[in-house]
Structures are given as structure tokens and as C-alpha cells.
Amino acid sequence: MKRAMIIWCAVCTSLLMLTSCEKEGNEGSNEAKLSSNGSAESHNMGQNCMDCHQKGGGGEGWFTVAGTIYSEANNSTVPNGLVELYTGPNGTGSLAYTVEVDSRGNFYSTEKVNFGGGLYPVTVKGQSRRFMPDPVSNGQCNSCHGDSTHKIWGN
Ligand code: HEC
Ligand code: HEC
């Protein structure tokens, strides 16, 4: 009987430890994160960042806009450009948001972005500007690019 109790307690304690660790891992936290040209703090190029970087996800910072820029010519990442979000197609309307691409080709932000009725993404690298023909209602760029459609081209 005593022995059964001891085993039972051991099981309970390990269960408790497991759930508390898991909870910590899953919660992550919404620290402010913003990519900048030249920085190299990011990882997981090409993956949908918001699989983890959202509430309940475990990534540090809950991203509002994030993704990875590639070169159409050779499929390698394109660092240090810009991603712009306009209210109209082909860079028309007003510029609602800009985020810099880091040295790994990733961009990410936890800043509030108002997608309203949809925003039109543009990638900028040197003289090259690429326009997404349709508006997006959220910033999970790699949820489509590299999955249901080609990667985001930067040049
Ligand atoms: C599979 C889950 C997962 C995915 C997908 C993921 N991340 Fe993370 N990310 C994490 C975790 C966990 C951390 C915190 C621990 C660490 O730094 O590795 C983190 C940390 C970070 C940090 C903070 C590093 C620091 O030192 O401050 C940045 C920036 C970041 N991720 C960017 C991205 C970008 C951009 C993408 C998409 C291209 C992405 N992550 C995709 C899980 C993920
Ligand atoms: C709902 C899915 C989806 C999301 C989310 C999405 N895109 Fe797109 N994007 C597409 C599709 C589909 C095309 C058109 C592909 C084609 O026909 O070549 C496209 C095209 C583009 C192009 C033009 C590429 C070229 O051929 O020059 C750019 C740039 C782009 N997207 C950037 C982004 C950025 C940046 C984000 C995040 C803010 C984003 N997209 C989010 C689906 C998506």
C-alpha cells in the first residue's frame, strides 16, 4: 500500500513537471521583434514563421508580417531588401507598412499592421520591384509562398 502511494506520487510529480514544461514552451512570449537590414537573428528560412510565432506557438514574438525572400534566378535567399504593403495594386494608394529584410533573407515584425480590406505586397531589392497582383488579409507570407505557390521573389 505504502509502496503504491510512493509510485503514485512519483507519477503525479513527473506528470506535473511535464505539463508545466510543455506550457512554458507553448506559450512563448510576445516580445517586440523587428527585422532590419544586416541583422542575422532569424532562422528557418522558407517556413511559415507563424506556425510558431503566434500566441500559443512557442516562437519568441508573435509576428504580424513575416516571410523569406528568394531570387527567381537561382533559388537562393535575397538579403537586405524591403517589403512594402500598399493599399492599392502595383504600388498605388498609400504605403501602409514597410519592413526591412535581414541578412538571411527573412523579414518579420510584431508591430500592429492594419490589413483593413487587404494590402498589396511589394518586394524591393535595389532597382528590382515585384508586385503581388492580389491583396492579402494577413502577413503569413510563407503560408502560400513555397507551399501553394512559388517562393517570394525579390529579384
Ligand atoms: C518550428 C517553430 C518555429 C518556426 C517555424 C520559426 N521559428 Fe523563429 N523561433 C522559434 C523559437 C522556439 C524561438 C526562440 C528560441 C530560439 O531563439 O531559437 C524563435 C526565435 C526567433 C527569433 C528571435 C531570436 C533572438 O535571438 O532574438 C527570430 C528573429 C525568429 N525566431 C524569426 C523567425 C522567422 C523570420 C521565421 C520564419 C522564416 C521563424 N522564426 C520560424 C521557433 C520557430
Ligand atoms: C493567400 C496566399 C498568399 C499570401 C498570404 C501571400 N501571397 Fe504573395 N502571391 C500569392 C500568389 C498566388 C501570387 C501570384 C503568383 C503568380 O501567379 O506568379 C503571389 C505573388 C506575389 C509576388 C509577385 C511575385 C512575382 O512573380 O514577381 C510578391 C512579391 C508577393 N506575392 C509577395 C508576398 C508577400 C511579401 C506576402 C506577405 C505580406 C505575400 N506575398 C503573401 C499568394 C500569396
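Helices and strands are DSSP runs, numbered from the N terminus. By that numbering, His53 lies in the loop between α1 and β1. The model described here is predicted.

The protein chain holds one helix and eight strands. Read from the N terminus, the order is α-β-β-β-β-β-β-β-β. The helix, α1, spans residues 2–27. The chain has 155 residues, and 26% of them are buried. Contacts between residues at least 6 apart in sequence were also examined; 66% of these join residues at least 24 apart.

Confidence was considered next. Mean pLDDT for the protein chain is 88. A value of 70 or more is reached by 82% of the residues. Residues 15–26 stay under 50. For this stretch, the model has three contacts beyond four places in sequence.

Two strand pairings involve β2. This strand covers residues 82–86, and β3 covers 95–100. β2 and β3 run antiparallel and are joined by five bridges. Within this pairing, Tyr86 stands opposite Leu95 of β3. β2 also pairs with β5, again in the antiparallel sense and over five bridges. Here Val83 has Thr123 of β5 as its bridge partner. The strand β5 runs over residues 120–125.

The loop between α1 and β1 contains His53. His53 has 23 other C-beta atoms within 10 Å, so the residue counts as buried. The cut-off for a buried residue is 20 or more. Beyond its neighbours within four places in sequence, His53 is in contact with Gly59, Gly61, Trp62, Phe63 and Ala66. Ala66 lies 13 residues from His53 along the chain. The C-alpha atoms of the two are separated by 9.3 Å.

Backbone angles set two asparagines apart for comment. Most residues other than glycine have a negative phi. Asn44 is not a glycine, yet its phi is positive, at about 50 degrees. Asn44 is found in the loop between α1 and β1. Asn44 counts as partly exposed because it has 15 C-beta neighbours inside 10 Å. Asn90 also has a positive phi, near 55 degrees. The place of Asn90 is in the loop between β2 and β3. Asn90 has 12 other C-beta atoms within 10 Å, so it is exposed. The cut-off for an exposed residue is 12 or fewer.

Two ligands were examined. Around ligand 1 there are 18 residues. Those that come nearest are Ser42, Asn44, Cys49, Cys52 and Gly59. One of these, Asn44, has the positive phi described above. Another, Gly59, is in contact with His53. β1 and β4 each supply at least two residues of the shell around ligand 1. The strand β4 covers residues 106–109. By class, this shell has five nonpolar, nine polar and four charged residues.

Ligand 2 is surrounded by 18 residues. The closest are Pro121, Arg130, Met132, Cys141 and Cys144. Five strands, namely β1, β5, β6, β7 and β8, each supply at least two residues of this shell. Among them, β1 covers 65–70 and β6 covers 128–131. The strands β7 and β8 cover 139–140 and 152–153. The shell around ligand 2 divides into ten nonpolar, seven polar and one charged residue.

How values were computed: Residues are numbered from 1 along each chain as its sequence is written. Chains are lettered from A and ligands numbered from 1 in the order in which they are written. This is a predicted model: local features need pLDDT of at least 70, side-chain atom pairs count only at pLDDT 80 or more; totals for chains, interfaces and linings use all residues. A residue is near a molecule or strand if its C-beta atom, placed from the backbone, lies within 6 Å of it. Helices (H or I, at least four residues) and strands (E, at least two) are DSSP runs, numbered from the N terminus. Ala, Val, Leu, Ile, Met, Phe, Trp, Tyr, Cys and Pro count as nonpolar, Asp, Glu, Lys and Arg as charged, and the others, Gly among them, as polar. Two residues are in contact if their C-beta atoms, placed from the backbone, lie within 7 Å. pLDDT is the predictor's confidence in each residue, from 0 to 100. Two strands pair if DSSP finds at least two bridges between them.
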